[in-house]
Amino acid sequence: MIVSNTTLSRHGLASSHAVEAGGLSGRPLFARSTAVLARMRRRLGPEVVIVGVGGITSAETAAEKIRAGADLVQLYTGMIYDGPALPARVVRGLSAIVQREGVASIGALRDTALAKWEATPI
Ligand SMILES: Cc1cc2nc3c(=O)[nH]c(=O)nc-3n(C[C@H](O)[C@H](O)[C@H](O)COP(=O)(O)O)c2cc1C
């Protein structure tokens with residue numbers, strides 16, 4: 001299951017573009033989509049594969065999706081700002097996070113921040 005897509009919410013946005021119609025993607029979507037992801041992980045249980053999407057711009061935000069319950073991650077808008085080298089940077093950064101946290105693999109981080117993101121208001 002892919003969680004989630006864009007949002008129609010403009011909550012917290014001060015930009016003049018906030019009045020534009022359509023789905024909002026990228027950095028402003030990160031917290032909201034990650035809070036939805038954690039709720040979906042709780043409801044679906046541990047077996048269903050979840051792809052975490054929304055506002056991933058770095059290895060740290062990719063890792064946070066995994067901590068909130070994602071098995072896999074997807075990004076789109078980050079590439080518009082950072083270019084096609086971003087996925088490789090994220091993968092290298094995830095390797096560094098695995099080493100820093102002293103875990104056997106990135107999967108070991110899954111759900112470690114589930115409670116925090118579940119409690120984050122949508
Ligand atoms: C220009 C653009 C086109 C998109 N087209 C689709 C689409 O055809 N189907 C779809 O499911 N999601 C589409 N999305 C949503 C993305 O797949 C993704 O869910 C969303 O952008 C949030 O991720 P991001 O913050 O990494 O961009 C599109 C997003 C953008 C910005």
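Helices, of at least four residues, and strands, of at least two, are DSSP runs numbered from the N terminus.

**Figure 1. Overall fold of the predicted model.** The structure shown is a predicted model. Its protein chain has five helices and three strands, which follow one another along the sequence as β-α-β-α-β-α-α-α. The C-alpha atoms fill a box of roughly 45 × 35 × 20 Å along the principal axes. A compact globule of 122 residues would have a radius of gyration near 14 Å, and the value of 14 Å for the protein chain therefore agrees with this expectation. Of the 122 residues, 28% count as buried. When contacts between residues at least 6 apart in sequence are taken, 60% of them join residues at least 24 apart.

**Figure 2. The three-stranded sheet.** The open sheet has the strand order E1-E2-E3, with parallel pairing. Strand E1 (2-3) and strand E3 (72-74) each have a single partner strand, so one side of each is left without a neighbour in the sheet. Strand E2, residues 51-53, pairs with E3 in the parallel sense over three bridges. Within this part of the sheet, Gly-52 stands opposite Val-73 in E3. Strands of a sheet pair through backbone hydrogen bonds, in either a parallel or an antiparallel sense.

**Figure 3. The largest nonpolar core.** This core has 18 residues, and Leu-37, Ala-62, Ile-66, Ala-70 and Val-73 are those with the most contacts inside it. Two elements give two or more residues to the core: helix H1 (30-44) and helix H2 (59-67). H1 gives the largest share, four residues. In soluble globular proteins, nonpolar side chains tend to be buried together. With residues up to four places away in sequence left out, Ile-66 touches Gly-52, Val-73, Ile-106, Leu-109 and Arg-110. Two of these contacts, Gly-52 and Val-73, are the residues that stand opposite each other in the sheet.

Figure 4. The peptide bond from Val-3 to Ser-4 is cis, and its omega is near 5 degrees. Val-3 lies in strand E1 (2-3), whereas Ser-4 is in the loop between E1 and H1.

**Figure 5. Val-98 in helix H4.** Val-98 has its place in helix H4, which covers residues 86-101. There are 17 other C-beta atoms within 10 Å of Val-98, so this residue is partly exposed; a buried residue would need 20 or more. Apart from residues up to four places away in sequence, Val-98 touches Val-103, Ser-105 and Ile-106. Ile-106 is also one of the residues touched by Ile-66. The C-alpha atoms of Val-98 and Ala-14 are separated by 36 Å, and the two residues are 84 residues apart along the chain.

**Figure 6. Backbone at Asp-111.** Asp-111 is not a glycine, yet has a positive phi of about 75 degrees. This residue is found in the loop between H4 and helix H5 (114-118). Asp-111 counts as partly exposed because 18 C-beta neighbours lie inside 10 Å.

Conventions. Residues numbered from 1 in each chain as written. Predicted model: local features only at pLDDT ≥ 70, side-chain atom pairs only at ≥ 80, totals over all residues. Pairing = 2+ DSSP bridges. Rg over C-alpha atoms; globule rule 2.2 N^0.38 Å. Buried ≥ 20, exposed ≤ 12 C-beta atoms within 10 Å, placed from the backbone. Contact = placed C-beta atoms within 7 Å. Core = buried A, V, L, I, M, F, W, Y, C linked by C-beta atoms within 7 Å.
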